[in-house]
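Q: I would like a close look at a single part of this model. Please keep the answer connected and state the cut-offs.

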Amino acid sequence: MATKIGIDISLRNFSARRTNKSGNVQCFTVVKCSTSSLVERPWKPFDARLVLEDGSVWKAKSFGSSGTKVGEVVFNTSLTGYQEIITDPSYANQFVLMTCPQIGNTGINLDDEESKQCHPGGMIIRSLSISTSNWRAIGNISDYLTANNMMGIYDVDTRAITRRLRQDGSLKGVLSTESSKTNEELVEMALTFSINGVDSISGVSCTAPYEWVDETGSEWEFSNKGADDKSFDVVAYDFGIKHNILRRLASYGCKITVVPSTWPASETLKMKPDGVLFSNGPGDPSAVPYAVEIVKELLGKVPVFGICMGHQLLGQALGGKTFKMKFGHHGGNHPVRNLQNGSVEISAQNHNYAVDPTSLPEGIEVTHVNLNDGSCAGLAFPALSVMSLQYHPEASPGPHDSDLVFGKFIHLMEQGKTNA
Ligand SMILES: NC(=O)CC[C@H](N)C(=O)O
């Protein structure tokens with residue numbers, strides 16, 4: 001007898017709600033799950049447009065929510081992990097184009113959210129999977145996007161758009177399902193939008209401190225996991241923090257208090273943490289001087305670790321400058337050389353800005369280099385117990401090569417405790 005793998009979710013109606021150990025309520029408003037809502041055959045006519053600031057108009061079909069939204073278009077080359085990508089707060093004010101040609105086949109589950117909501121304004125894909133089948137799936141991506149007020153378009157030439165972004169650099173654009181709006185109006189909307197010089201982290205940060213205790217689930221845990229008892233008190237600044245950063249810190253033995261992006265350095269020091277983490281987050285790092293000031297005030301007083309936006313803020317606090325890259329790095333296979341031990345890590349990346357290493361004062365060490373373009377991928381300043389990475393050691397989605405860096409942060413905190 002043939003074994004049936006997966007679940008035919010077209011037969012199920014559901015609503016799901018649960019509270020994790022950290023008190024975060026996760027719930028889905030999706031109650032219907034049918035393959036028929038995904039894709040209709042034969043093809044329906046085009047009902048959505050992506051209009052770019054260069055005047056190009058890309059006809060497509062819509063899924064998820066409808067309306068008109070403006071944002072910056074970036075392409076992500078990851079082959080898996082679309083749910084983690086669309087719930088990553090670092091994508092706020094952007095549209096994410098997936099170069100992987102088919103999206104949606106593994107559906108949506110309760111465990112792969114990197115935050116409590118979807119953040120990009122829209123998702124641009126080639127083919128929307130006609131069915132959903134995965135042992136963890138509780139819904140399909142179309143209903144999930146609708147429930148999260150996120151737009152999606154499919155049946156559009158994602159290769160051609162990606163080539164344009166690679167040639168010309170990041171482009172602003174508008175997604176619209178509204179036929180009443182002219183192409184000219186949408187081009188104008190794209191041209192007047194700006195992500196540069198705008199504070200995007202204030203819209204995604206938490207508003208009050210909270211504790212985080214959830215570790216990586218035992219079925220996904222690595223053998224290199226750290227201490228079982230919570231030996232290190234860590235304050236994590238939330239500039240748009242991904243849950244997997246918190247899970248990895250908890251797995252490595254940290255007791256974590258997450259604080260808002262504006263949390264004063266003096267309040268953090270009163271909490272007497274063993275270390276401070278500066279998280280990932282969306283938008284232009286040079287547009288949030290208040291966050292750079294907080295980082296500066298903490299330098300030298302406690303060991304610190306910066307990830308992505310956190311790394312860019314540290315770079316500025318140490319005296320350096322950031323700049324906007326041509327089209328950034330978004331994917332799960334970027335080779336990075338660790339200059340401290342010579343090894344190469346295959347890494348998960350998601351950023352449009354970078355620290356200019358030539359702007360850094362003497363003594364600041366560039367510890368990691370992106371091997372695709374030679375850009376700065378990590379910094380250290382041992383005299384002030386500083387370490388940072390431009391990419392994502394927590395992955396989610398992505399390879400786990402860089403996970404050991406959480407152990408390095410533990411080591412930095414241990415040294416801090418010894419020297420205290
Ligand atoms: N993932 C992140 O933290 C992104 C950092 C920053 N917003 C950038 O795009 O460069």
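Is Met151 buried or exposed, and how many C-beta neighbours does Met151 have inside 10 Å?

A: Residues are numbered from 1 along each chain as its sequence is written.

Met151 counts as buried because it has 27 C-beta neighbours inside 10 Å. The scale is this: buried takes 20 or more other C-beta atoms within 10 Å of the residue's own, exposed takes 12 or fewer, partly exposed is in between, and C-beta atoms are placed from the backbone. Met151 sits in strand E10 (residues 151–154). Helices (H or I, at least four residues) and strands (E, at least two) are DSSP runs, numbered from the N terminus.

Now the contacts, meaning pairs whose C-beta atoms, placed from the backbone, lie within 7 Å. Setting aside neighbours within four places in sequence, Met151 touches Ser62, Gly64, Ser65, Ser66, Gly67, Lys69, Gly121, Gly122 and Leu175. Leu52 is 99 residues from Met151 along the chain, and their C-alpha atoms are separated by 16 Å.

Follow the chain onward. Asp155 lies in the loop between E10 and H3. Its phi is near 60°, a positive value in a residue other than glycine. Asp155 is partly exposed, because 19 other C-beta atoms lie within 10 Å.

Next comes helix H3 (residues 158–168), whose buried residues are Thr158, Ile161, Thr162 and Leu165. Seen down the axis of H3, these fall within an arc of 100°, so they line one face of the helix. The arc is that of the directions from the helix axis to the C-beta atoms. The face turned away from this buried side carries the exposed residues Arg159, Ala160, Arg163 and Gln167. Cover for the buried residues of H3 includes strands E4 (57–64), E5 (68–76), E6 (94–98), E8 (122–124), E11 (171–176) and E17 (321–338). Just after H3, Gly169 takes a positive phi of about 90°.

Asn93 is in the loop between helix H1 (82–86) and E6. Phi of Asn93 is near 70°, again positive in a residue other than glycine. Asn93 counts as buried because it has 22 C-beta neighbours inside 10 Å.

The end C-alpha atoms of residues 46–176 lie 11 Å apart, and the span is 18% helix and 34% strand.

Finally, the chain as a whole. It has 9 helices and 21 strands. Of its 420 residues, 50% count as buried. Residues 24 or more positions apart account for 78% of the contacts with a separation of 6 or more.

On confidence, pLDDT is the predictor's confidence in each residue, from 0 to 100. The protein chain averages 91, and 88% of the residues score at least 70. The model scores ipTM 0.97 and pTM 0.90. Still, pLDDT stays under 50 over residues 1–14. The value also stays under 50 over residues 27–37. Where pLDDT is low, the predicted coordinates should not be read in detail.

Methods
Predicted model: local features only at pLDDT ≥ 70, side-chain atom pairs only at ≥ 80, totals over all residues. Contact = placed C-beta atoms within 7 Å.
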